[in-house]
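Welcome! Let us take a walk through this structure together, beginning with the whole chain and ending at one residue.

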Amino acid sequence: MLNPGPAKKVSIYVGEDQQYHAHALYTAILDYLFSHGVSGATAIRGIAGFGAHHKMHTARILDLTVNLPVKIEFIESAEKLEEILPKLRDMIGTGLIELQDTLVIKSDHPIGAGS
């Protein structure tokens with residue numbers, strides 16, 4: 001459970017065609033985060049973008065590109081992040097992980113509430 005106060009915002013950028021053990025990488029990341037008790041995560045599929053290889057990927061029909069960018073975001077405590085970050089680094093491969101300090105103003109659960 002994520003409480004109001006200082007936290008870390010993590011953004012992960014991968015291609016939708018990247019694989020991890022025969023599954024889409026972004027779904028493997030979401031499964032990993034879910035199974036390790038992360039408070040919540042969102043995967044967002046981009047309509048266009050490019051990465052380190054400077055190859056443009058776009059959703060325009062004429063280009064017929066299926067490897068669109070996917071951004072996975074979640075906010076978690078620094079302690080929880082220390083626990084899960086090493087595995088995320090291994091999973092991501094050529095993707096990018098961004099980390100920012102943030103402040104949770106309101107969470108889904110009031111302080112002291114049970115699950």
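Turning inward, 33% of the 115 residues of the protein chain count as buried.

What you see is a predicted model, so please keep its confidence in mind while you look around. The mean pLDDT of the protein chain is 86, with 80% of its residues reaching 70 or more. Helix H1 (residues 25–35) has the highest confidence, at a mean of 97, whereas strand E6 (residues 57–58) has the lowest, at 62. Where pLDDT is low, the predicted coordinates should not be read in detail.

Next, follow the fold. The protein chain has two helices and eight strands, and from the N terminus on these elements run β-β-β-α-β-β-β-β-α-β. How do contacts link parts of the chain that are apart in sequence? Among contacts between residues at least 6 apart in sequence, 76% join residues at least 24 apart.

Now let us stop at a single residue. Serine 107 sits in the segment after strand E8 (96–104). Is serine 107 buried or exposed? Its relative accessible area is 10%, and because buried means under 20%, serine 107 counts as buried. Which residues does serine 107 touch, leaving aside those up to four places away in sequence? They are Leu2, Asn3 and Pro4.

Notes: Residues are numbered from 1 along each chain as its sequence is written. This is a predicted model: local features need pLDDT of at least 70, side-chain atom pairs count only at pLDDT 80 or more; totals for chains, interfaces and linings use all residues. Side-chain values use heavy atoms; hydrogens and water are left out. Helices (H or I, at least four residues) and strands (E, at least two) are DSSP runs, numbered from the N terminus. Buried means under 20% relative accessible area, exposed over 50%, partly exposed in between (1.4 Å probe, protein chains only). Contact means heavy atoms within 4.5 Å. pLDDT is the predictor's confidence in each residue, from 0 to 100.
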